[in-house]
Amino acid sequence: MDTTATSAKRFAGFPHVLRAQQFEPEDLDVLFLKAEQIRRAPSMAHGILEGRRVAVLFEEPSTRTYHSFIEAAERLGARVRGEQHMAAFSSEVKGESVGDTVRTFLCLGVDYFVMRRKAEGSVERAAQVAGTRHPVINAGDGAGQHPTQALLDAYTIWRQFGTLDRHLHVVLVGDLKNGRTVHSLVYLLSKYPNVRFTLVSPDSHRMKPGIIEHLIEHGRTFAEHTDGSLAEIAAGADVLYVTRPQLEREADDAARQALLDRYEPFFVTAELVQGMPPDSIVMHPLPRNAELPTEIDADPRAQYFQQMENGLWIRMALLATIAEGMRSANSR
Ligand code: NCD
């Protein structure tokens with residue numbers, strides 16, 4: 001499939017994908033259209049990564065992101081080496097640095113890296129070692145960012161509303177301090193001046209100060225709430241983006257219990273969703289805990305399973321865009 005016509009412009013930081021801020025609205029237009037093309041005719045994308053080796057290396061738990069990347073790379077024709085247990089079984093246990101891990105896979109002929117790391121910023125370090133001929137994609141770095149989740153989230157919102165360039169009220173609820181998906185999503189959606197944010201969380205787990213400063217610097221409209229007014233807020237939402245408590249980021253059992261105790265006012269209920277506008281959507285990156293009961297699954301506003309499917313198409317579109325960009329760089 002020749003999709004080069006729509007991918008002439010390269011996104012900032014090409015070929016690496018480390019932060020959501022790298023993508024401008026024009027880049028997203030190209031990616032979304034490419035994802036639409038691929039989902040309509042998936043077999044036509046086969047071969048874009050023919051002859052390429054992709055290493056998918058994870059050191060934190062994952063079901064969706066890990067398998068979605070493997071599926072995306074394989075459907076594009078790549079040979080994929082997946083390792084989901086880096087933290088337990090790789091030489092990292094023996095103290096190997098991320099740089100040496102990257103060098104090891106480069107020696108084996110790996111072309112692309114998809115990495116999930118525990119330490120914030122560590123995928124950037126991997127990208128520095130890999131250099132510009134070997135793309136590195138951040139599939140989640142600790143409590144930092146998860147840029148491809150933001151791409152699939154933005155794609156889901158775009159599919160619902162037809163554009164991101166309109167007045168949209170996006171309500172993000174839960175552990176906004178440590179949830180990397182909401183960090184990336186706010187950075188990405190803040191590229192659109194008409195998107196308005198309401199950030200709802202326990203006081204102890206408010207959105208990171210750096211992201212709040214980013215919203216202020218860019219003149220974006222937002223409000224923060226730390227009380228139990230979620231139902232009222234959700235009644236005026238276009239998007240309700242729900243997140244789980246990131247218990248694994250807490251220091252000890254006492255801190256985990258304290259977070260759980262504070263979380264209940266931020267649970268979504270079937271009644272709350274029924275009070276939302278009919279064309280609004282409820283999103284969640286998954287996995288979910290008690291904050292999103294299964295009763296909501298049958299509600300037409302529930303989009304979290306759709307998000308997962310959209311993740312496959314957008315990751316195929318992203319990998320294809322990178323492959324085409326690499327090819328045109330090499331032929332210059
Ligand atoms: C998220 C993650 O790993 O950051 N899951 C995902 O990738 N879909 C969300 C989470 O773990 O809470």
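**View 1. The contacts of Q246 in a predicted model.** Leaving aside neighbours within four places in sequence, Q246 is in contact (heavy atoms within 4.5 Å) with D175, N178, G179 and L259. Q246 lies in the loop between strand 8 and helix 10 (253-263), where helices (H or I, at least four residues) and strands (E, at least two) are DSSP runs numbered from the N terminus. Because its relative accessibility is 10%, Q246 counts as buried; buried means under 20% relative accessible area, exposed over 50%, and partly exposed in between, with a 1.4 Å probe and protein chains only. Residues are numbered from 1 along each chain as its sequence is written, and side-chain values use heavy atoms, with hydrogens and water left out. Since this is a predicted model, local features need pLDDT of at least 70 and side-chain atom pairs count only at pLDDT 80 or more, while totals for chains, interfaces and linings use all residues.

**View 2. Confidence along the chain.** The pLDDT, which is the predictor's confidence in each residue from 0 to 100, averages 95 over the chain, and 97% of the residues score at least 70. Among the elements of the chain, strand 8 (residues 239-242) has the highest mean pLDDT (99), and helix 3 (residues 86-89) has the lowest (82). Over residues 1-8 the pLDDT stays under 50, and for this stretch the model has 16 contacts beyond four places in sequence. Where pLDDT is low, the predicted coordinates should not be read in detail.

**View 3. The buried side of helix 5.** In helix 5 (residues 122-130), the buried residues are S122, V123, A126, A127, V129 and A130. These residues lie on the same side of helix 5 because they cover an arc of only 160 degrees around the axis, the arc being that of the directions from the helix axis to the C-beta atoms. The buried residues of helix 5 pack against helix 4 (98-107), strand 3 (112-117) and strand 4 (136-141). Just after helix 5 comes G131, which takes a positive phi of about 75 degrees.

**View 4. Helix 6 against helix 7.** Helix 6 (residues 147-161) and helix 7 (residues 180-189) pack with their axes 8 Å apart and at an angle of about 60 degrees; the axes are lines fitted to C-alpha atoms, for helices over the stretch in contact, and angles run from 0 to 180 degrees between N-to-C directions. Helix 6 and helix 7 are therefore oblique to each other, given that angles under 35 degrees count as roughly parallel, over 145 as roughly antiparallel, 65 to 115 as roughly perpendicular and the rest as oblique. The contact is made by P147, Q149, A150, L151, D153, A154 and I157 of helix 6, together with T181, S184, L185, L188 and L189 of helix 7.

**View 5. F32 in helix 1.** The place of F32 is in helix 1, and F32 counts as buried because its relative accessibility is 1%. Not counting residues up to four places away in sequence, F32 touches L151, A154, Y155, W158, L164 and I314.

**View 6. The cis peptide bond at P287.** L286 and P287 are joined by a cis peptide bond, with omega about 5 degrees. L286 is placed in the loop between strand 9 and helix 12, and L286 has a positive phi of about 65 degrees although it is not a glycine. With a relative accessible area of 12%, L286 is buried.
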